[in-house]
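Biologist: I have a chain open on my screen and would like to go through it with you. Can we start with the helix packing?

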Amino acid sequence: RKTLQICSKSIESAYARKFSKIIEKNDSNTQQPYNFNNLVTLPDVLLVVKQVLLGEEGVVIEKLPFQQKLILCCVVRWGKAQEVKLQMIMDKYRQITTQEGLPCVQSSQFVSMCELLCMTKLVSMKEIDRKSKLTTHTCNNFIIKLGVNPLLVELSMSSDCLMKRILE
């Protein structure tokens, strides 16, 4: 069933893409027959396979900016599907960025990136001390938890060498 689903969705997406090109070309009033040979390409099939096997969350993970992917990998590696202080994740994040020679962000920027990551529902964050909200927005005030299956993240990040190394 999965194979048939992948084949039919690949053909549908390829037809939609090719048909939109035909409409654009026909606007110039030239009636030429369109060649439908090699309609479905390997990228079409790969995209559908990822959607079917990984679901929409897998596609969302792949489209994340690099810094958010790095944070997500840190949560998977050191959070282990439990609530963990955001400060610990930031310390691991800083350690990795220093080792790899990548730019590091300040605590408030890190919290903002984590809040953006929360919007994708891949992680969730809770504030520990509500009183401190009035004073400062630091990592010590939050806990973070992974919101998806860690294997989904690992599969989605398998093509990125740095992320793969972090997850090991």
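Biologist: Which residues of α4 are buried?
Modeller: This is a predicted model, to begin with. In it, the buried residues of α4 are Leu86, Ile89, Met90, Tyr93, Ile96 and Thr97.

Biologist: Where do the buried residues fall, seen down the axis of α4?
Modeller: They fall within an arc of 125°, so they line one face of the helix. The face turned away from that buried side carries the exposed residues Thr98 and Gln99.

Biologist: How far apart are the end C-alpha atoms of α4, and what span should its 15 residues have?
Modeller: The end C-alpha atoms are 21 Å apart. At 1.5 Å a residue, the 15 residues of α4 should span 21 Å, so the two agree.

Biologist: And what comes just after α4?
Modeller: Gly101, which takes a positive phi of about 70°.

Biologist: Back to Thr97 for a moment. Why does Thr97 count as buried?
Modeller: Because its relative accessibility is 1%, and the cut-off for buried is under 20%. Thr97 is found in helix α4.

Biologist: Which residues is Thr97 in contact with, leaving aside neighbours within four places in sequence?
Modeller: Thr97 is in contact with Leu70, Leu102, Pro103 and Cys104.

Biologist: Now α5. At what angle do α4 and α5 pack?
Modeller: About 105°, with the axes of helix α4 (residues 86-100) and helix α5 (residues 107-119) 11 Å apart. The two helices are therefore roughly perpendicular to each other.

Biologist: Which residues make that contact of α4 and α5?
Modeller: From α4 there are Leu86, Ile89, Met90, Tyr93 and Arg94. From α5 there are Ser107, Phe110, Val111, Met113 and Cys114. By class, the residues of this contact divide into eight nonpolar, one polar and one charged.

Biologist: And α3 with α5, what angle there?
Modeller: About 85°, with the axes of α3 and α5 10 Å apart. That makes α3 roughly perpendicular to α5. On the α3 side the contact is made by Gln67, Gln68, Ile71 and Leu72, and on the α5 side by Phe110, Met113, Cys114, Leu116 and Leu117.

Biologist: How many of the residues in the contact of α3 with α5 are nonpolar, polar or charged?
Modeller: Seven are nonpolar and two are polar, with no charged residues.

Biologist: What about Ser112, buried or partly exposed?
Modeller: Ser112, which has its place in helix α5, counts as partly exposed at 37% relative accessibility. Ser112 and Thr138 are 26 residues apart in sequence, and their C-alpha atoms are 9.9 Å apart in space.

Biologist: Zooming out, how many helices and strands does the chain have?
Modeller: The protein chain has seven helices and three strands. From the N terminus on, the elements run α-α-α-β-α-α-β-β-α-α.

Biologist: How much of the chain do buried residues make up?
Modeller: Buried residues make up 35% of the 168 residues.

Biologist: And of the contacts between residues at least 6 apart in sequence, what percentage join residues at least 24 apart?
Modeller: For the protein chain that figure is 62%.

Definitions and conventions: Residues are numbered from 1 along each chain as its sequence is written. This is a predicted model: local features need pLDDT of at least 70, side-chain atom pairs count only at pLDDT 80 or more; totals for chains, interfaces and linings use all residues. Side-chain values use heavy atoms; hydrogens and water are left out. Axes are lines fitted to C-alpha atoms, for helices over the stretch in contact, and angles run from 0 to 180 degrees between N-to-C directions. Helices (H or I, at least four residues) and strands (E, at least two) are DSSP runs, numbered from the N terminus. Angles under 35 degrees count as roughly parallel, over 145 as roughly antiparallel, 65 to 115 as roughly perpendicular and the rest as oblique. Contact means heavy atoms within 4.5 Å. Ala, Val, Leu, Ile, Met, Phe, Trp, Tyr, Cys and Pro count as nonpolar, Asp, Glu, Lys and Arg as charged, and the others, Gly among them, as polar. The expected span of a helix is 1.5 Å times one less than its number of residues. Buried means under 20% relative accessible area, exposed over 50%, partly exposed in between (1.4 Å probe, protein chains only). The arc is that of the directions from the helix axis to the C-beta atoms.
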